[in-house]
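Colleague: I would like to learn how to read this structure. Please take the features in turn, with the general idea before the case.

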Amino acid sequence: MRRLSCSAFSACSLQFLQNHRILSNGSPKCQRIRVFCHCSESSFPEMSPGPLSLYRAMVNKGKLQYDRYQERVASELEGLLIKLGEYEKDMQEYHIKLSQWEKRREEERHRLLMQEAELKQQGDLLQTVKRHRSGLVNKFILRSVPFFGEGAEPGVGKMVSYLNREKKLDSLVGRRPIAPAAPKGLYLYGSVGSGKTMLMDMFYNATMGIVKHRRRFHFHEAMLEIHEQMHKHWKKQVSDKSSLSGAFSWIDSLPFDTKIKEWLVGEETYQQEAHSNYILPAVADRFLVDRNAGQGGASILCFDEIQTVDVFAVVALSGIVSRLLSTGTVLVATSNRAPTDLNQDGMQKEIFLRFVAELEDHCRNILVGSEIDYRRLLASKTCDKEHYFWPLDRHSYDEFERMWHNVTMQYGGRITSTSIPIMFGRTLEVPESCNGVSRFTFDYLCGRPVGAADYIAIANNFHTVFISDIPMMSMRIRDKARRFITLVDELYNHHCCLFCSAAASVDDLFQGKDEGTLFDLESFQFETETEGGKLRRDVLLAGNVGENAVTPNKIVSLLSGQEEMFAFRRAVSRLIEMQTPFYLYGVRYHSYFQRHQGAI
């Protein structure tokens, strides 16, 4: 089979799709160019070049235009990559020590618990307290089993017993091992198209084989992941409470009477509840890796487009990111704003300020200062005109239909309707699909109350997406415009091939005027079980407590017009880049082809 180079994809997307069928049937790996590609890890088993060497190589080949700001960021990322190699080794050793400490602590806790149970069993100490009120015995009982003291409020005894036992464990086993100091991460901010995401992805790809636990999230994907993990945690708590008797069945075989066994069950129940009450730390501990699976090593989180669009985002980001940073995770993030400028509406100010303090402690803030939109610059030199058809006249309609026919024929030509899973049991109907290619109207995707979870599912399941009848968008249809921006973000982040028919050129698509804030709460859905149907708006309104609560009127105006213009410019910039051969070259690494390799 022949090897395909980047130039093989410069003619048009149809040629790309034709060539991809050769690649997906087992041809040798072609040369990998990962500048604007968010690629699947399984595609690159060998170690990747560092971000600085890759950046310079792309400049030398003429693939990128040299930019001193970008080179500086690439250099900083290269330095962080080198530090991560040593940090991974340190964290491997730390987790071995931590695992040994946790095992010994649990063994000692069990031994102390059994000692207390034996003391209670011997001579029925409760009766001894009632018969002998001497100061010596009373002092002994209060010190050993304080929860049996008279007058104690329900639950107080178990809390004191738990704290006393933890204190003894600290003296017997020692305090928790101290984790090695993590290298400072990077917080990259700057204007649209300045190269922030490109550089972060160069770094992320280069960490493969260096750091064991690594994840890359876009804002919408991260919020949905947090929602889902919180939901799972809540359900697990309910399930655990209903099955506690089974979890402690080992107590039945102990040589104690019924009263002592009931006491043991109560102590073990309190122990579990004490470790499960704090939901955000619990979710954070599973955000990158399930530490319960015995996996050690360092962890890296790459977070694209950090935003604080509502109260939940402020609270969730603060809780999750702060926990990850405090436990040694290295963060590389991008945003249009500096950390202190993220929350211009002042939501949950105290929580937000703690979050900013954590970022400043664990990350270096770097401005990617170029005002050039490099996506637009690249497109002006190499743009493929076969993806975006406008205006909505007969000629554009015929061309769009021709492209749909040609692309689907490359994948068998059998058009069917299907449904794809979203989350929490929901599904989305796909009217037309063909082996990884799908087609929707603008109103179907953006004119209904769907959200980021639906768009992520589409981007995961389809490598090529056709969207027809896209209107010009203004503040008058701000809900649809906001959804469309989110849709473009997710298709871009998953590196999908996109075909559009629209009423205007990309540059004229968003005609926002000063007609009010372009923000739609319906587009940021609080995903819950089907029967709940709750939106994040409802959650916010239900949770308005305290002095700094956000009122319904404040919620309507959470985002400024300037914030929306950031989103507009980003969407335009990405729509332009998605027409370039450089972007299309990376579509071959879409996860669909990894799941269905050789099936077409």
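Modeller: Begin with terms: helices (H or I, at least four residues) and strands (E, at least two) are DSSP runs, numbered from the N terminus, and two strands pair if DSSP finds at least two bridges between them. In this structure, 5 strands form an open sheet with parallel pairing, in the order 2-3-4-1-5. Strand 2 (213-218) and strand 5 (363-368) are at the edges with a single partner strand each, so one side of each has no neighbour in the sheet. The model is predicted: local features need pLDDT of at least 70 and side-chain atom pairs pLDDT 80 or more, while totals for chains, interfaces and linings use all residues. Residues are numbered from 1 along each chain as its sequence is written, and side-chain values use heavy atoms, without hydrogens and water.

Colleague: How many bridges join strand 1 and strand 5?

Modeller: Strand 1 (residues 185-190) pairs with strand 5 in the parallel sense over 6 bridges. Within this pair, leucine 186 stands opposite arginine 364 of strand 5.

Colleague: Which helix packs on that sheet?

Modeller: Two terms are needed. Contact means heavy atoms within 4.5 Å; axes are lines fitted to C-alpha atoms, for helices over the stretch in contact, and angles run from 0 to 180 degrees between N-to-C directions. Helix 3 (residues 68-121) packs on the sheet and touches strand 1, strand 3 (299-304), strand 4 (330-335) and strand 5, with its direction at about 155 degrees to that of strand 5.

Colleague: What is the strand order in the sheet of 6 strands?

Modeller: The order is 6-11-10-9-8-7, in an open sheet with mixed pairing. Serine 438 has valine 465 in strand 10 as its bridge partner.

Colleague: What does isoleucine 458 touch?

Modeller: Leaving out residues up to four places away in sequence, isoleucine 458 touches Ile420, Leu428, Phe440, Leu445, Val465 and Leu491. A nonpolar core is a set of buried Ala, Val, Leu, Ile, Met, Phe, Trp, Tyr and Cys residues joined through side-chain atoms within 4.5 Å. The largest such core has 63 residues, and Ile458 is one of those that touch the most other members. Another core lies apart from it, with 37 residues, including Phe217 and Met223.

Colleague: Where is glutamate 577, and is it buried or exposed?

Modeller: Glutamate 577 is in helix 21 (residues 561-577), and it counts as buried because its relative accessibility is 0%. A polar contact is a pair of N or O atoms within 3.5 Å; within protein, one must be able to donate a hydrogen and the other to accept it, and residues adjacent in sequence count only if both atoms are side-chain atoms. The side chain of glutamate 577 makes such a contact with the side chain of tyrosine 492 (2.8 Å).

Terms used. Buried means under 20% relative accessible area, exposed over 50%, partly exposed in between (1.4 Å probe, protein chains only).
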